[in-house]
Amino acid sequence: MRHLMSPLDLSVEELDNLLTLANDIESNPNHYAHACDGKKLATCFYEPSTRTRLSFESAMLNLGGSVLGFSSADSSSAAKGESVSDTIRVISCYADICAIRHPKEGAALVASLKSSIPVINAGDGGHQHPTQTLTDLLTIRSLKGRLNQLTIGLCGDLKFGRTAHSLIHALIRYPNVKFVLISPDELRIPSYIREDVLKKHNIPFTELERLEDAIPDLDILYMTRVQKERFFNEEDYVRMKDFYILTKDKLKLASEDMLILHPLPRVNEISVEVDDDPRAVYFKQAQYGVYVRMALILTLLNWR
Ligand code: CP
């Protein structure tokens, strides 16, 4: 039995196979419509979500399976003090696979240690969000045609933005990938990623504050929102929240084939006027999230 806690739980070969399966699902959905007949997915979400929870549910329904779960800690027995460990032992009796989101870093790992069904980390605090990374990789590979030879700008809240952390972990395994880390000083990438991931693996990266300085050189611009829920006080959030706003004017500095990704939800960091630009692929990215989660469910349930 396998779990998914981090994108690194999959080898590069397994990841490539999973993305290829996702592309085949996109092209031949009918072929997979009964692949999970009789199987159940539990979605245990202790934190709010629109895309991750609903795309998991959509994925399982597309595969012919069923879904059950809860969408907030308040609507589960966590509100009465039940631990994640006890909850997953119980969920293991009710479902065949579980996706869990929790505000505490490591909660999904704790669940996986007590689970008798595959557990998928659907976001653990400011740590990792591996299925968003699978979505991002599928988007980039499908629309750009490769995952190597890329200069990727990550912009916004790189301190708390778990999607940025997971994406860096995943992309350093591909040759000739460079990062431009664009953030205000207070929201720089955590030092463990700078030192233990980027420097340790000799990955070229620069850290900048001005988006305009970075944008002309990028193949991918990955925008992120400032993570309000991880701030200790409202005042700091309000000061930071509009630090970056991608506008049509700023996009004039970008190449014609640069792609703009965003894990969503968007707050203010991409002006809605950008949505019509052909380089803006963040809603297409959300669609890829369904295909890649279908591929992941099939993979973890050992579908043949
Ligand atoms: N991208 C993402 O994780 O969105 P949700 O928080 O809506 O699931």
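Q: How many bridges join strand β8 to β9?
A: Three bridges join β8, residues 220-223, to β9, and the two strands run parallel. This is a predicted model.

Q: Which residue stands opposite L221 in β9?
A: That is I260. Y222 in turn stands opposite L261 of β9.

Q: And how does β8 pair with β5?
A: β5, residues 150-155, pairs with β8 in the parallel sense, over four bridges.

Q: Where do the side chains of β8 point, and are they buried or exposed?
A: I220 and Y222 point one way, L221 and M223 the other way, and all of them are buried. In a regular strand, side chains alternate between the two faces of the sheet.

Q: What is the order of strands in the whole sheet?
A: The order is β7-β6-β5-β8-β9, five strands in an open sheet with parallel pairing.

Q: Which strands stand at the edges?
A: β7 (205-208) and β9 (259-261) do. Each has a single partner strand, so one side of each is left without a neighbour in the sheet. From one strand to the next, the twist averages 20°.

Q: Which strands does helix α7 touch?
A: α7, residues 191-199, packs on the sheet and touches β6 (177-182) and β7. The direction of α7 makes about 160° with that of β7.

Q: Which residues of α7 are buried?
A: I193, R194, V197 and L198. Seen down the helix axis, these buried residues fall within an arc of 120°, so they line one face of α7.

Q: What covers them?
A: The cover includes helix α6 (162-171) together with strands β6 and β7.

Q: New topic, the whole chain. How many helices and strands are there?
A: The chain has eleven helices and nine strands.

Q: What is its radius of gyration, and what would a compact globule have?
A: The chain has 19 Å. A compact globule of 304 residues would have a value near 19 Å, so the two agree. Along the principal axes, the C-alpha atoms fill a box of roughly 55 × 45 × 40 Å.

Q: What share of the residues is buried?
A: Buried residues make up 54% of the 304. The chain exposes about 13200 Å², and carbon and sulfur atoms supply 49% of that area.

Q: Last one. What share of contacts joins residues at least 24 apart?
A: 75%, counted among contacts between residues at least 6 apart in sequence.

Notes: Residues numbered from 1 in each chain as written. Predicted model: local features only at pLDDT ≥ 70, side-chain atom pairs only at ≥ 80, totals over all residues. Heavy atoms only, no water. Pairing = 2+ DSSP bridges. Axes fitted to C-alpha atoms, helices over the stretch in contact; angles between N-to-C directions. Contact = heavy atoms within 4.5 Å. Rg over C-alpha atoms; globule rule 2.2 N^0.38 Å. Buried < 20%, exposed > 50% of the residue type's maximum accessible area, 1.4 Å probe, protein only. Areas by Shrake-Rupley, 256 points an atom, 1.4 Å probe, with all protein chains shown as cover. Arc of directions from axis to C-beta.
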